[in-house]
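Morning, everyone. I have one structure to show today, and I will go through it briskly. Here it is on the screen.

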Amino acid sequence: MGHSRIQKTKTHKRIVAIAAKRFREEGLAGIGIADLMKEAGLTVGGFYKHFNSRDELVAEAVSSALGTWKCQMDAAASGGPAVTYGSLIDDYLSETHRNHPGAGCPVGALAGDIARSDKRTRAVVTGQIRDNIELVATLIRDTNKKDKGTARAQAVLAYCALVGAIGVARAVSDERLSGEILKTVARLLKRSAA
């Protein structure tokens with residue numbers, strides 16, 4: 001790969017990383033291409049050297065932000081901290097995750113926007129949600145020795161509760177209520193899987 005090709009790849013990745021963060025912070029319609037490119041230190045004209053359309057950038061940005069749980073599992077398999085059903089819930093429903101959507105789960109930050117996005121973006125997210133539900137089901141089975149069907153049903157419920165709770169906790173203006181939502185949902189999810 002030549003120097004200019006390497007530079008183009010680095011620039012492309014930088015644009016995607018900026019978009020992934022900003023979309024999660026402001027919504028898919030909350031920031032325009034001009035502002036994203038300015039933040040990347042580029043012009044709007046440079047956008048089309050990297051992407052054919054805004055939808056293409058959205059799909060790449062959302063895709064790049066997905067897979068956090070798989071990365072945690074891979075790290076645990078390589079000797080990192082163990083991932084349990086309880087730790088996953090505690091991390092997801094933390095004040096840190098609530099307060100920093102730009103670094104968090106794109107589904108929790110963008111579920112409504114993703115539902116209205118193009119087929120490519122929805123397909124990427126659908127695949128990741130399937131994987132996340134299966135991961136949660138595996139953690140439930142490992143923790144509580146539930147049968148496959150029961151663990152799967154519990155995982156679907158848990159995943160939806162996690163995404164919903166983080167969204168509602170971010171939506172309310174009352175800090176105490178927001179904290180109560182996070183703590184209550186975490187406690188009930190852990191109890192229901194026991």
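The side chains of D90 and K190 meet in a salt bridge, 2.5 Å from N to O. By salt bridge I mean a side-chain nitrogen of Lys or Arg within 4 Å of a carboxyl oxygen of Asp or Glu. Helices here are DSSP runs of H or I, at least four residues long, strands are E runs of at least two, and both are numbered from the N terminus.

Before going on, a word on the source. This is a predicted model: local features need pLDDT of at least 70, side-chain atom pairs count only at pLDDT 80 or more, and totals for chains, interfaces and linings use all residues. Residues are numbered from 1 along each chain as its sequence is written, and side-chain values use heavy atoms, with hydrogens and water left out.

Back to the pair. Are its ends buried or exposed? D90 counts as partly exposed because its relative accessibility is 38%. K190 is at 33%, so K190 is partly exposed too. The cut-offs are these: buried is under 20% relative accessible area, exposed is over 50%, and partly exposed is in between, with a 1.4 Å probe and protein chains only.

Next pair. R98 forms a salt bridge with E175, with the closest N and O atoms 2.9 Å apart. This one also links distant parts of the chain, from R98 in helix α7 to E175 in helix α11, 77 residues apart. Look at the two ends. R98 has 6% relative accessibility, so R98 counts as buried. E175 has 53%, so E175 counts as exposed.

There is also a network. Salt bridges that share partners join K21, R22, E25, E26 and E39. One of its links runs from E26 to R22, with the closest N and O atoms 3.0 Å apart. Both of these residues lie in helix α1 (residues 3-26), four residues apart, or about one turn of the helix. E26 is partly exposed, because its relative accessibility is 37%. How many salt bridges does a search of the whole structure find? The count is 10.

**The overall fold**

Now step back. The protein has 11 helices and zero strands. Its C-alpha atoms fill a box of roughly 55 × 40 × 30 Å along the principal axes. Of the 194 residues, 41% count as buried. Take the contacts between residues at least 6 apart in sequence: 66% of them join residues at least 24 apart. Contact means heavy atoms within 4.5 Å.

Two packed helices are described by the angle between their axes and the distance between the axes. The axes are lines fitted to C-alpha atoms, for helices over the stretch in contact, and angles run from 0 to 180 degrees between N-to-C directions.

Start with α9 (residues 119-144) and α10 (residues 148-171). They pack at about 125 degrees, with their axes 8 Å apart. That makes α9 oblique to α10. The classes: under 35 degrees is roughly parallel, over 145 roughly antiparallel, 65 to 115 roughly perpendicular, and the rest oblique. The crossing of α9 over α10 is right-handed. Right-handed means that the near helix is turned clockwise from the far one by less than a right angle; anticlockwise gives left-handed.

Which residues meet? From α9, they include I129, I133, V136 and I140; from α10, they include A151, A155, V156 and Y159. By class, the residues of this contact divide into 10 nonpolar, two polar and five charged. Nonpolar covers Ala, Val, Leu, Ile, Met, Phe, Trp, Tyr, Cys and Pro; charged covers Asp, Glu, Lys and Arg; the others, Gly among them, are polar.

Now α8 and α9. Their axes come within 11 Å and cross at roughly 135 degrees. They are therefore oblique to each other. This crossing is left-handed. V107, I114 and A115 of α8 make the contact with R122, V125 and I129 of α9. That gives five nonpolar, no polar and one charged residues.

**Two last positions**

K13 is in helix α1. K13 is exposed because its relative accessible area is 58%. The C-alpha atoms of K13 and A61 are 9.3 Å apart, with 48 residues separating them along the chain.

H100 sits in the loop between α7 (95-99) and α8 (106-115). H100 is at 47% relative accessibility, so H100 counts as partly exposed. From H100 to D55 is 24 Å, C-alpha to C-alpha, and 45 residues in sequence.
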